[in-house]
Structure formats: C-alpha cells, structure tokens
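Hello,

Here is the structure I promised to pass on. Please open it first, then read my notes below.

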Amino acid sequence: MTSPAPTPAPTREGASPRIPALSLIFGYGPVLVLPLAALAAWAGTPLALLIGQIWGAAILIFLAGVARGLSFFTPGGTHVSQMLAMIVRFSLGLLALVAGPTIGFGLLILGYASIALTDPWFARWGGAPQHFARLRPPQMVVALLGLIALFALSLG
C-alpha cells in the first residue's frame with residue numbers, strides 16, 4: 001500500500017542532479033507544442049486552441065502516469081503524496097479534455113503549476129530522480145507560458 005513517510009535512498013540512475021540529454025529532449029519537446037499552439041491560435045490557425053487544449057491535457061495525463069510509475073521505485077514503497085499527485089494530475093487532465101476552452105486551460109494551468117511545485121520536492125526526498133528538481137520548474141514555465149497565452153486567447 002503506502003509507506004507512512006518518504007525514505008531518501010535514490011537509485012544510482014536517479015541520484016545525479018545532472019539532467020540527462022533524453023530528459024531535456026523528451027521533457028522540453030512536448031511542452032514546446034503549447035507556446036507554438038498559442039502562436040498558431042494568435043495567427044488565426046483554425047483548431048489551434050483545440051489542439052493546444054487536447055495536447056496539454058494529454059501531456060498532463062501522461063505526467064500523471066510518470067508520477068505513478070516513479071512511485072513503484074520509491075525506496076520504502078509508494079508514498080501517499082505520489083498517489084495524490086497522480087490523482088490530481090490525471091483528474092485535471094481528464095476534466096480539461098471535456099471542459100470548454102477557458103475552463104480547460106484554467107485546469108491545465110493549475111495542473112502544470114502543481115508539477116513545478118511538487119516534483120522538485122519529490123526529487124529532494126527520493127520520490128523522483130534528483131534532476132527533476134532542476135528540470136521541472138523551467139520545463140513547466142515553458143508549458144505555462146503557452147497555456148496562459150492559450151487561456152487569454154480563449155477569452156475572446
């Protein structure tokens with residue numbers, strides 16, 4: 001089930017604060033779609049808002065799965081905070097898929113902002129690779145810039 005408290009003991013692969021190249025590529029690549037969708041929407045590209053909303057929700061739901069997957073490797077067992085993060089990310093992403101654009105982007109903004117705050121904390125105690133402490137905040141800023149622009153464009 002869940003352990004009462006996190007136990008720091010990262011794996012050798014997750015112990016380095018250095019961000020691996022693949023984490024940079026697969027971390028920033030998907031979130032760069034969000035500011036690009038905002039630029040496309042601003043330029044009047046049909047369906048750009050919808051594509052941004054669907055993409056943002058899909059990535060947030062994927063990141064819920066990442067949180068769950070990391071919990072399987074947490075020393076001492078899965079921690080309740082990891083399960084809560086997974087549930088919140090998944091729920092916000094799912095709701096953003098079915099909500100209208102303005103509410104959908106608002107939910108996505110909440111979800112991505114929560115990642116910027118929680119993943120560095122998870123990394124510090126061993127619930128995520130240490131490099132997440134350095135990767136996630138700027139990665140989520142890129143996503144949030146796109147989402148905030150999409151939100152503003154959804155207002156009319």
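Start with Gly111, which touches Leu60 and Leu92, leaving aside residues up to four places away in sequence (contact means heavy atoms within 4.5 Å). Note that this is a predicted model: local features need pLDDT of at least 70, side-chain atom pairs count only at pLDDT 80 or more, and totals for chains, interfaces and linings use all residues. Residues are numbered from 1 along each chain as its sequence is written, and side-chain values use heavy atoms, with hydrogens and water left out.

Gly111 sits in helix α4, residues 101–125 (helices are DSSP runs of H or I, at least four residues, numbered from the N terminus). Gly111 is buried, at 0% relative accessible area. Buried means under 20%, exposed over 50%, and partly exposed in between, with a 1.4 Å probe and protein chains only. Ile61 is 50 residues from Gly111 in sequence, yet their C-alpha atoms are 9.6 Å apart.

Now α2. Its buried residues include Gly52, Gly56, Leu60 and Ala64. The buried residues of α2 pack against α1 (21–42), α3, α4 and α5 (132–154).

Trp55 is also in α2. Trp55 is partly exposed, with a relative accessible area of 34%.

Trp55 belongs to a nonpolar surface patch, along with others including Leu47, Phe90 and Val98; the patch has about 940 Å² of accessible area together. Two or more patch residues come from each of α2 (48–71) and α3 (80–98). α3 gives the largest share, five residues. Patch members have over 30% relative accessible area and no salt bridge; nonpolar side chains (Val, Leu, Ile, Met, Phe, Trp, Tyr) are joined within 5 Å, like charges within 9 Å. A salt bridge is a Lys or Arg side-chain nitrogen within 4 Å of an Asp or Glu carboxyl oxygen. Accessible areas come from the Shrake-Rupley method with a 1.4 Å probe; for residues, only the protein chains shown count as cover.

Best wishes
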